Amino acid sequence: MQNIRQILPLYFVAGSQDCCHLQGSPADNLVAVLEEALKAGITCFQFRDKGKLSLEQFPEQQIALAIKCRDLCRQYRVPFIINDNVELALAIEADGIHVGQSDMNPNAIRAKTDKPLIIGLSVNKMEEALFSNAVDEIDYFGIGPIFPTQSKEDPKPVVGMAFIQKLRQAGITKPLVAIGGVKEDSVEQLIAYGADGVAVITAITQVKHIATTVDSFLKHIAKGANNAK
C-alpha cells in the first residue's frame, strides 16, 4: 500500500459531466483534460461520473471511459480512485474507492477483496470524523465542502477552512484532503490547518492552461507544508 499522505497533495476529481462545457464529446474531453493534468503533476485522480449530464444511464460507455482513465493513470503512475461504485472499482481493478457516509460500509468493501485497496470516506461533521478515526479500513477522509460548490447536485453544508484545524485539535489523525470550491488562494491556509492535500474539480476542468494551474497549486501546497513545519 502506498503512503496515503503522499498521494493526497493535489487530488483531481472529475467525470464526463464536468467537461460538458467543452466542444466535442464530454468523455473524450475528460480523457484529454486528465492527461494534461497527469502530465502537469496531479498526485491522484478520482473518477466521479455522476448526475444527469454524466454517463450513468449508459453503463457500457461509462465503464469504457473509466478504463481509459485508469489506463492513463497507470501510465503516469498516479492512483486511480472510483467514487461510490464499488463493483466497478473491483471489476476494473481500480487502486481505490471513495464513499460517502450513506454508501457501502468500508468494512464491507475491504471484505470483498484481498487485494490492496485505498478507501476514502467523505466527512462533513465532527462526529463522523470521531466515529471513523480509529477504523483501520479507512485510509483517508475527504473533508468538505470547504466552500460553496456547483460540482455536486446535492452538496452538504459548507464547513469552512477552520474545520480542518478543529479536526486536528480534536485528535483526528487520519490523512485529510480538503474538497469543495477550493481555489489557489486558500491552499496554503488549508495545509497549515492540517490538510494533507486539496481536491479540485472546476479548478482544473474549467481553466485554459491546465499545466500552469497545476504547477501553481503544487507550489502553494509545498509552501503551505513548509510553513506548517
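Let's start with an aromatic cluster: Phe12, Phe45, Phe47 and Phe80 form one together. Keep in mind that we are looking at a predicted model. Counting ring pairs, we get four aromatic pairs. Take Phe12 and Phe45 as our example: their ring centres are 5.4 Å apart and their planes meet at 45 degrees, so we call this pair tilted. Where do Phe12 and Phe45 sit along the chain? Phe12 belongs to strand β1, residues 10-14, while Phe45 is in strand β2, residues 44-47, so the pair ties together parts that lie 33 residues apart in sequence. And both Phe12 and Phe45 are buried.

Now, the cysteines. Cys44 has 0% relative accessibility, so it counts as buried. Cys73 is buried too, with a relative accessible area of 0%.

Last stop, Pro145. You'll find Pro145 in the loop between β6 (140-143) and α7 (162-169). Is Pro145 buried or exposed? Its relative accessibility is 9%, so Pro145 counts as buried. Leaving out residues up to four places away in sequence, Pro145 touches several others, among them Asn124, Lys156, Pro157, Ile179 and Gly180. Asn133 is 12 residues from Pro145 along the chain, and the C-alpha atoms of the two are separated by 19 Å.

Conventions: Residues are numbered from 1 along each chain as its sequence is written. This is a predicted model: local features need pLDDT of at least 70, side-chain atom pairs count only at pLDDT 80 or more; totals for chains, interfaces and linings use all residues. Side-chain values use heavy atoms; hydrogens and water are left out. Helices (H or I, at least four residues) and strands (E, at least two) are DSSP runs, numbered from the N terminus. Buried means under 20% relative accessible area, exposed over 50%, partly exposed in between (1.4 Å probe, protein chains only). Contact means heavy atoms within 4.5 Å. Rings of Phe, Tyr and Trp (its six-membered ring) pair if their centres lie within 6.5 Å; planes under 30 degrees apart count as stacked, over 60 as edge-to-face and the rest as tilted.
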